[in-house]
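Have the structure open as you read.

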Amino acid sequence: MASVFLYHVVGDLTVGKPEMVELCETETMEAAIRAIGESTECGIPVWKRKSHVGMVENNEMLQQRFVGILNSLDIVAFFAKSECLEDHDKALKTPVSDVVVPNNSLLKQVDPATRLIDALEMMKHGVKRLIVRKSVVWKGMSKRFSMIYSGKWLKNIDASGSSNNLAANPNRPSSSSTSSTRDKFCCLSREDVIRFLIGCLGALAPLPLSSISSIGAINPNYQFVEASAAAIEATKKLPDDPSAVAVVEQTQDDEYKIIGEISASKLWKCDYLSAAWALANLSAGQFVMGVEDNVSSRSEYNFSVHPTAGNNNQANGGGSARPKKFSSRSIGFNPATPSLGVSRSMYRGRSAPLTCRVTSSLAAVMAQMLSHRATHVWVTEDHSDDIVVGVVGYADIMAAVTKQPASTNPGPGRTTEVAGNDIHH
């Protein structure tokens with residue numbers, strides 16, 4: 001295992017991270033849209049209110065207040081319901097608790113001195129956010145550099161303490177804080193971890209230059225809908241991770257050609273009301289390829305955006321009282337040509353799926369995800385840019401970089417794993 005996982009701690013990733021701002025489950029969907037728009041992620045944690053204002057919480061109390069994570073696709077899927085399309089004002093005033101899917105296991109609070117390998121293990125098994133206490137004085141384990149907290153450079157006095165447990169070990173160097181900073185936390189996402197790892201590629205060599213197929217990073221169990229199906233069908237197939245459904249066309253060879261995707265990352269900061277109408281009324285192919293205002297009368301839909309709702313939210317781009325027409329541009333898509341009759345390879349814009357090939361290196365895929373702020377990359381066959389064979393997400397990358405090599409001298413019928421390659425005897 002690479003030393004970077006053993007000698008770095010979670011605290012190394014928190015420098016410069018802003019203080020966490022909580023979104024309460026009693027807030028409206030309108031407030032949630034604003035919060036996601038201001039967030040660095042396409043999903044935000046949702047919390048229960050504190051029982052007493054100013055109370056000091058321990059780890060268990062904080063964990064119990066966490067409800068789940070609300071993402072952009074959850075919002076669009078909710079607004080796509082018939083009752084929401086009929087009454088936008090009521091939909092925007094709906095409490096977040098009615099929309100977010102409760103899942104208390106998606107977030108964990110950890111000590112700043114928690115080893116990076118332990119954090120990776122948590123995230124491999126479904127944790128999407130780590131809550132880390134800020135403004136603390138701690139004796140970390142990082143050998144690369146000392147950390148700065150509370151405006152002071154701190155020396156790593158003791159680097160001998162370690163633990164294989166995911167929870168903080170009380171016998172190892174730990175954190176302490178003053179009462180004035182006790183309740184200040186920052187939130188680390190899996191993107192933060194991948195961004196940190198891409199700065200340490202040399203320590204992971206030769207793994208970053210290995211193909212994603214050779215190290216087993218491709219997940220073949222992806223969800224998809226055919227382009228001719230209703231776009232709303234995608235919301236019935238949403239996997240937990242990544243929150244994305246491929247939109248495909250079946251070829252004459254019974255293979256699937258990817259033409260787009262319906263995902264939380266693609267819908268981040270979109271016009272949620274326009275996207276919701278499109279999701280409820282268009283086919284999956286029309287939704288992802290982009291339907292322009294002048295395609296046909298069937299692809300146009302007039303709906304009045306009430307000024308009361310529009311003046312205070314981002315769901316409808318500022319809220320004009322005049323009838324508004326759906327187009328691909330209104331939900332963030334910007335195709336190169338306004339006609340569906342032309343070749344689809346020319347009709348690409350923001351809706352084009354992010355893809356790589358089975359022979360792409362792990363480093364290249366990580367760079368793709370970070371540069372596009374994507375939670376995943378679709379994998380296509382080496383001989384074709386469109387035939388999809390799987391998907392690579394955050395959890396797949398973390399599993400690949402922490403995989404333990406097997407014995408180099410297996411018996412007959414055993415499998416040897418050399419630098420992530422499976423060789424069957």
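Q: Why is cysteine 186 called buried?
A: In this predicted model, cysteine 186 has a relative accessible area of 0%. Buried means under 20%, so cysteine 186 counts as buried.

Q: How do you know that the sulfur of cysteine 186 is too far for a bond to the closest cysteine sulfur?
A: That closest sulfur belongs to cysteine 187, and it lies 7.7 Å away. Searching the whole structure turns up 0 disulfides.

Q: What makes cysteine 84 buried or exposed?
A: Its relative accessibility is 5%. The cut-off for buried is under 20%, so cysteine 84 is buried.

Q: How do you know whether valine 100 is buried or exposed?
A: Valine 100 sits in the loop between helix H6 (88–92) and E4. With 5% relative accessibility against a limit of under 20%, valine 100 is buried. Leaving aside neighbours within four places in sequence, valine 100 is in contact with Val46, Val67, Gly68, Ile69 and Leu70.

Q: What makes helix H7 (residues 116–124) mostly covered?
A: Of its 9 residues, 7 are buried. Among them are Leu116, Ile117 and Met122. The buried residues of H7 pack against several elements, including helix H1 (3–7), strand E5 (129–133) and helix H14 (394–401).

Q: What follows H7?
A: Glycine 126 does, and its phi is positive, near 115 degrees.

Definitions and conventions:
Residues numbered from 1 in each chain as written. Predicted model: local features only at pLDDT ≥ 70, side-chain atom pairs only at ≥ 80, totals over all residues. Heavy atoms only, no water. Buried < 20%, exposed > 50% of the residue type's maximum accessible area, 1.4 Å probe, protein only. Helix = DSSP H or I, 4+ residues; strand = E, 2+ residues; numbered from the N terminus. Contact = heavy atoms within 4.5 Å. Disulfide = S-S within 2.5 Å.
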